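Colleague: Walk me through this one, please, and tell me what backs each label you use.

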Amino acid sequence: MRWGRPSVLRREILFAVLVVACGLGVLRRIPGLPAMVIEAALVVAMSSILFAVPEIATIVRRISRARRTILACLPAAVLIGHFHGKLYDTFPFVPWDIYQVALAGDAQLFAYYAVHRDGSEEELIPAELFPALDKKLAVELEQVAHAADSADDAGRRADLLRRYDNLLLALAGAYNHRHSVHPLVAIRIERWIVPTDHYAGRESILRTAFRVWSLAGEQR
Amino acid sequence: MTLHAGADARTLAFVRIWVFAIWLSRLLPDCFSCLAEFSPSLFARLGILRLIPNAAVPLLLRPGTLAGIQATLLVLLLLSLLGVRPYRVFASAAAILLTLYEGVLGGFAQGTHSDLALLFVTYVLAIVPAADAVTWGSRKGSAHPAETYAAAMIMMALLLLMTYSLVAFGRVALSSPEIFLSPTMRFYIASDILRPTRHPFLLGEWLLVHPLALWLAQVGFGLVTVFELTAPLCLIHKRWRYAWLAVMSLFHVASYLFMNVLFLSNILLFPVLLLEPRELFARRSDPAKVATTDEPGAG
């Protein structure tokens, strides 16, 4: 690969050095240096490479000032959303925090079953009932259940369980619209403890009862 | 040569058609009004959606309102795709309603990264002259300088690439090197593959019981992070861009097959934003037309 101008190459080398230092965890060992500053340094280093390319600078210079300003607002908003780190505040500009934390140990998941009046059961797939939400609804149910489990405050726990029940009510409603002949009367929820370190097929998953939510409002 | 430095009105028009077609195919089969099953109390107004008064939320979440939003969106998307005048009005209205659409989905269940790059690209299409060519009906010749089209194309490619690099910047700043040295992928694969989903691929389970394959997945995680870190360099290095496209396309396919995680709109954006038309449509017999220098700033 042929490399271009020395000014670009110098900045690329600087970026590579920064990446290696981050990758080896050298910068994280500096006391009091927040991860956000390291991230910002990476953004600045990458931006400096792009701005050093004369062709990009020329294009930026030649477009009208109004269009330049409007266009520049978009990457700026993406960066603000990312660094602010709170989806609730900045949507649609959100933090890009995918697979960022090292996790280990057992994974906890949940399985849902529609319970019919005759006692028969059918697996309930939230994404099938709300295709627009896809897997996000299962993740939301999971997060609410985990949060309720770990809530110390009774009031907070009650709020979370109310949210959980309302999500289940929506699932039940959507299911019964589709299965008006054979509607569900309850949703049984199983907690799955998945031994990720020594997973040996589905039989190695520890399945325990989590809740049975009844449409009539009775919880057994 | 910088990617898209030679873009013209037709290049931008092609992206316009492609992007609005992706949205149409995404929204057409959706049952947006099904979300009315949820209690309004479950809805969180995210970010810009806070402009909607709290009292208006129950009205917004009625089946009729949601169906109306979807129907209006479909019409606006079709008009924008065709480049019907006044294009800027239709495309801007479509972009606003798409934000509302994504915000309503995110308001019930968070974790809405999958269509955001597509949404950002749509914002660009709404503010640039993307209907100067290939439109429905007659249109006067373009009155915009060539750099306007190039800037729009570069900005869309940059926004797509930023979503990758920001993920990787955060990962290395926060958790490197332990995230790559510990069996993190095992945890993520197990969580993603076993979570109830519509079209489950069970290859991830095979991966979990084969240590060598799992080790390769962990190595692949590190390799993909390197490509994510350097994503914006695709704008200025042609061969790096080719390598990036190969690795990241493979990554997206693998993450679907092994983890049930699909970023379909990103995959669909790759050919139009990270390849130039001459690369997409070049004939094998005429390689000279495809040849460009790999030197940043040589143009």
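Colleague: What covers the buried residues of H3(A)?

Modeller: The cover includes helix H2 (35–51) of chain A and helix H6 (146–175) of chain B. Helices here are DSSP runs of H or I with at least four residues, strands are E runs of at least two, and both are numbered from the N terminus. This is a predicted model, where local features need pLDDT of at least 70, side-chain atom pairs count only at pLDDT 80 or more, totals for chains, interfaces and linings use all residues, and side-chain values use heavy atoms, with hydrogens and water left out. Residues count from 1 along each chain as its sequence is written, while chains are lettered from A and ligands numbered from 1 in the order in which they are written.

Colleague: Which residues of helix H3 in chain A are buried?

Modeller: Glu55(A), Ile56(A) and Ile59(A), in a helix spanning residues 54–62. Down the axis of H3(A) the buried residues fall within an arc of 100°, so they line one face of the helix. That arc is taken from the directions from the helix axis to the C-beta atoms.

Colleague: What makes Asp89(A) and Arg50(B) a salt bridge?

Modeller: The rule wants a side-chain nitrogen of Lys or Arg within 4 Å of a carboxyl oxygen of Asp or Glu. Their side chains meet at 3.0 Å, N to O, so the pair passes. This pair crosses between chains, from helix H5 (residues 87–90) of chain A to the loop between helix H1 (9–27) and helix H2 (57–60) of chain B.

Colleague: Why is Asp89(A) called partly exposed?

Modeller: Buried means under 20% relative accessible area and exposed over 50%, with partly exposed in between (1.4 Å probe, protein chains only). Asp89(A) comes in at 34%, so partly exposed it is. Arg50(B), at 43%, gets that label too.

Colleague: How do you know that Arg191(A) counts as buried?

Modeller: Its relative accessibility is 15%, under the cut-off of 20%. Arg191(A) also forms a salt bridge with Asp149(A), the closest N and O atoms being 2.9 Å apart. Asp149(A) is partly exposed at 38%.

Key:
Contact = heavy atoms within 4.5 Å.
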